Amino acid sequence: DFLCISLVNGFTQLRYNLGDKTVILQSLQKVHANGNTWHSLKAGRVGNEGYLDLDGINVTQKASPGMNVLDTHTDFFVGGVSSLNLVNSMAIENEPTGFTGCIREIVINNRELKLTATDPNGGANVGDCDGTVCGYTVCKNSGTCQLENSGFSCSCPQEWTGTTCEQSIHCSQNMCGSHALCIPQPSSFSYTCVCTLGWSGKYCDSKIKFYIAKFVGNSYIKYTDPYYRKRDLQYSRISLNFTTNQTEGLIVWMGKSEDEDNDFLAIGIANGTLKVVINLGERISVPLMHSKYFTCCDGRWHFVTVVQNQTCIKVYLDEELILYEDIDPQRKYTALNYGGICYFGGFEIGRKVNIVTTGLFQKEFIGKIKDVVLFQDSRKIQLMKAEGYNIYDGNSGN
């Protein structure tokens, strides 16, 4: 399998093969080869249907029946390859040759690659493109970079300040403590302090302890499982108590959530009912839905357990078996490679649940969680010892 973007006789070309046939798309217009025109290129595929967009002019290959998964486990190469024999002969039209020119702002599956000297795994014969300190995105938030004798300066839009326009004017005089993030609120010309785990108060200066974690909608906990390396990932299990009165919300996501290849096990509320989604590989997410609506959104405590025995999934709600399914009788993938990461309530600040979960869940969790147990561990995990923001003490009134 491969996916390759190249320049061919002045046109951009996308070629990919998912295991059965090679699909070729070519731009309708040529690229300006004058060395000073930036072009915007968007290319990719949804299943086996490909698209190629050069400067807003789109070419789409209609899908025909066939394979729809790109099965590659190699490094991602930009501008050239370490050895030309790595290039599949069907991936390009002519003999393979490296790219000469400038490339910036590469985004893959909604994540930007950092084109620095240190971030990539390796490379050779790559230099700075414009030869000045005013490189791409030196000035943040649409700031304009100007060369100075001593380096550079940024001219910032009126809402932003700082040497690289990185700070909102609403946070420039903030009173948030050292255990907080300042989040600007432009509509009210103000800001709010978002507290790191274990702290609360308007300015996050009050230390708290909790055994019940209270989530308010822009909260999350990220727990790293210290025993991950010792786990038998063909037999996973998670149980917890939760309470909510909302009809949408992500309760837990076991998985790294870095890209669409990552395995995961997710529990949440969707349309007022319990929803469990499992992905053991090949990007095939299998949602399991409880048939009773609004039983989980009544403000009472509920106990949920999800057990994965290879491809057999059991879901218990309040000690009653409500879902049982073999999601792949072929047993192609049988392990939950979750990377030792568990998210509770949502993801890092700025990462929206509906985007990260590709629409499987719509919102961050609002409610309370307690008594989380992984696998057959004899102890509950200590949510206080994880990382996170905006978590309140849910002990009071329980």
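Modeller: Happy to! Let's begin with Cys171 and Cys182, which form a disulfide with sulfur atoms 1.9 Å apart. Please keep in mind that this is a predicted model, where local features need pLDDT of at least 70, side-chain atom pairs count only at pLDDT 80 or more, and totals for chains, interfaces and linings use all residues. Residues are numbered from 1 along each chain as its sequence is written, and side-chain values use heavy atoms, with hydrogens and water left out.

Biologist: What makes Cys171 and Cys182 a disulfide?

Modeller: A disulfide is a pair of cysteine sulfur atoms within 2.5 Å. The sulfur atoms of Cys171 and Cys182 are 1.9 Å apart, so the pair counts as a disulfide.

Biologist: Why is Cys171 called buried?

Modeller: Buried means under 20% relative accessible area, exposed over 50%, and partly exposed in between (1.4 Å probe, protein chains only). Cys171 has 5% relative accessibility, so Cys171 counts as buried.

Biologist: And why is Cys182 partly exposed?

Modeller: Its relative accessible area is 21%, so Cys182 falls in the partly exposed range.

Biologist: Why is the disulfide of Cys195 and Cys204 called left-handed?

Modeller: The torsion about their S-S bond is about -85°, so that disulfide is left-handed.

Biologist: How many disulfides does the structure hold?

Modeller: Seven.
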